[in-house]
Amino acid sequence: MNRQVTLFTGQWADLPFETICQKAKEFGYDGLELACWGDHFEVDKATQEYCNEKLEILDKYGLKVFSISTHLVGQAVCDHIDQRHKDILPDYIWGDGEPEGVRQRAAAEVIKTAEAAKRLGVEVVNGFTGSSIWHLLYAFPPASDEMVEAGFADFSKRWIPILNRFQELGIRFALEVHPTEIAFDIASAERALQAIDHHPAFGFNYDPSHLGYQGVDYVKFLYQFAERIFHVHMKDVGWSSVLTEAGVFGGHTTFGDPHRYWDFRSLGRGNIDFEAIIRSLNRIRYNGPLSVEWEDSGMDREHGAREACEFVRKVDFPSSNLAFDAAFDKENQ
């Protein structure tokens with residue numbers, strides 16, 4: 001049986017929960033990855049009764065849920081806090097905006113998210129970690145090794161208590177490896193794991209789109225962290241084969257600007273080799289959902305979500321338990 005195809009609701013949080021359920025079913029999805037913003041999954045309201053009501057609505061449309069995602073709140077756990085965070089955080093997390101208070105409230109909320117996931121019956125919480133050292137990337141004046149090490153130590157100090165509670169609950173945290181996070185490529189992912197002593201509750205929400213345009217080997221990532229692939233985002237990205245005006249760093253342009261070196265694309269319309277990904281997922285025996293995170297500023301999102309679902313179903317295939325040439329072996333005849 002092929003993997004379940006789900007839709008991440010983060011880019012649909014402007015729609016009421018039941019509306020996105022109805023649309024996802026019409027688009028052909030098997031389930032949803034629920035964003036913890038909008039009314040899709042509200043952690044501060046997630047009593048057992050609330051979770052049961054969500055499950056009933058999902059069941060009404062023949063949908064399942066395999067994970068929830070706390071990218072916005074998770075970002076604030078390690079970040080340098082500024083106005084950007086006020087724009088994305090719930091008021092009760094932002095509070096008076098004092099940075100350390102925001103970080104501590106965000107950490108407590110991530111733990112509450114794991115507790116809510118337990119009540120909902122899912123085992124994976126996806127999200128971001130934030131990073132106190134992202135601003136030191138390609139820095140001048142240059143950052144010392146001690147400054148970078150302090151950033152990984154800060155990540156360890158803030159996230160190990162969170163991960164300990166996740167482990168107690170039987171919930172796993174899947175970091176979406178992504179620029180602005182403590183891990184944004186293979187090298188930094190390795191270092192992040194070392195910082196938390198390879199905590200068993202910590203792994204990755206694999207998303208090739210954030211690796212490809214950086215020049216990171218996104219297929220090698222799967223083999224490097226095979227036992228830590230807790231969830232998979234299917235998202236495409238296109239990058240230019242010629243020199244451009246706004247390079248990898250984006251030139252402070254907006255998504256969709258034709259002068260950019262890279263931009264997100266609807267699945268199958270970018271540079272990511274999804275067949276190579278599926279073959280690799282088969283080899284590492286990943287049997288979880290394939291969650292479409294649809295982003296393409298040049299395409300109607302409903303058209304895109306529907307074609308993305310069709311694309312994933314077409315590109316995915318089950319692995320074989322038998323070598324194709326085994327039939328030539330007399331013992332098998």
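Is Ile 160 buried, partly exposed or exposed? Select Ile 160 to start the tour. Ile 160 counts as partly exposed, because its relative accessibility is 26%. (Buried means under 20% relative accessible area, exposed over 50%, and partly exposed in between, with a 1.4 Å probe and protein chains only.)

This is a predicted model, in which local features need pLDDT of at least 70, side-chain atom pairs count only at pLDDT 80 or more, and totals for chains, interfaces and linings use all residues. Residues are numbered from 1 along each chain as its sequence is written, and side-chain values use heavy atoms, with hydrogens and water left out.

**Stop 1: around Ile 160**

Stay on Ile 160 and show helix 7, residues 145-169, where Ile 160 sits. (Contact means heavy atoms within 4.5 Å.) Draw a C-alpha to C-alpha distance from Ile 160 to Ile 196: it is 6.4 Å, across 36 residues of sequence.

**Stop 2: the whole chain**

Zoom out and colour by secondary structure. The protein chain has 12 helices and 10 strands. Its radius of gyration is 20 Å, close to the 20 Å that the globule rule gives for 333 residues, so the chain is as compact as a globular protein of that length. (The radius is taken over C-alpha atoms, and the rule is 2.2 Å times the number of residues to the power 0.38.) Along the principal axes, the C-alpha atoms fill a box of roughly 70 × 50 × 45 Å.

Of the 333 residues, 52% count as buried. (Areas come from the Shrake-Rupley method with a 1.4 Å probe; for residues, only the protein chains shown count as cover.) Among contacts between residues at least 6 apart in sequence, 78% join residues at least 24 apart.

**Stop 3: the largest pocket**

Which residues lie nearest the centre of the largest pocket? Select Phe 128, His 178, Pro 179, Thr 180 and Phe 255. They belong to a lining of 42 residues. The pocket holds about 1300 Å³ of space. (On a 1 Å grid over the protein atoms alone, a pocket is an open set of points where a 1.4 Å probe fits, with protein on both sides within 12 Å along at least five of seven lines; lining residues have an atom within 4 Å of a point. Points are joined across faces, edges and corners, and the volume is the space filled by probe spheres set on them.)

Next, show helix 3 (71-75), helix 4 (83-88) and strand 9 (262-265). Each supplies at least two residues of the lining. Colour the lining by class: 15 nonpolar, 17 polar and 10 charged. (Nonpolar covers Ala, Val, Leu, Ile, Met, Phe, Trp, Tyr, Cys and Pro; charged covers Asp, Glu, Lys and Arg; the others, Gly among them, are polar.)

**Stop 4: helix 1**

Select residues 17-27, which form helix 1. Its buried residues are Phe 17, Ile 20, Cys 21, Lys 23, Ala 24 and Phe 27. The cover over them includes strand 1 (5-8), strand 2 (31-35), helix 2 (48-60) and helix 12 (301-315). Step just past the helix to Gly 28, where phi is positive at about 110 degrees.

**Stop 5: two buried residues**

Pick Glu 293, in the loop between strand 10 (290-292) and helix 12. Glu 293 is buried, with a relative accessible area of 7%. Its contacts, not counting residues up to four places away in sequence, are Phe 8, Gln 11, Glu 176, Asp 207, His 210, His 233, Met 234 and Lys 235.

Move to Ser 280 in helix 11, residues 274-283. Ser 280 is buried at 1% relative accessible area. Val 219, Leu 222 and Tyr 223 touch Ser 280, not counting residues up to four places away in sequence.

**Stop 6: backbone details**

Select Phe 140 and Pro 141. The peptide bond between them is cis, with omega near 0 degrees. Pro 141 lies in the loop between strand 4 (124-127) and helix 7.

Go on to His 198, in the loop between helix 8 (186-195) and strand 6 (202-206). His 198 is not a glycine, yet its phi is positive, near 50 degrees. At 38% relative accessibility, His 198 counts as partly exposed.

Finish at Arg 285, in the loop between helix 11 and strand 10. Phi of Arg 285 is positive, near 65 degrees. Arg 285 counts as exposed, at 62% relative accessibility.

Conventions:
Helix = DSSP H or I, 4+ residues; strand = E, 2+ residues; numbered from the N terminus.
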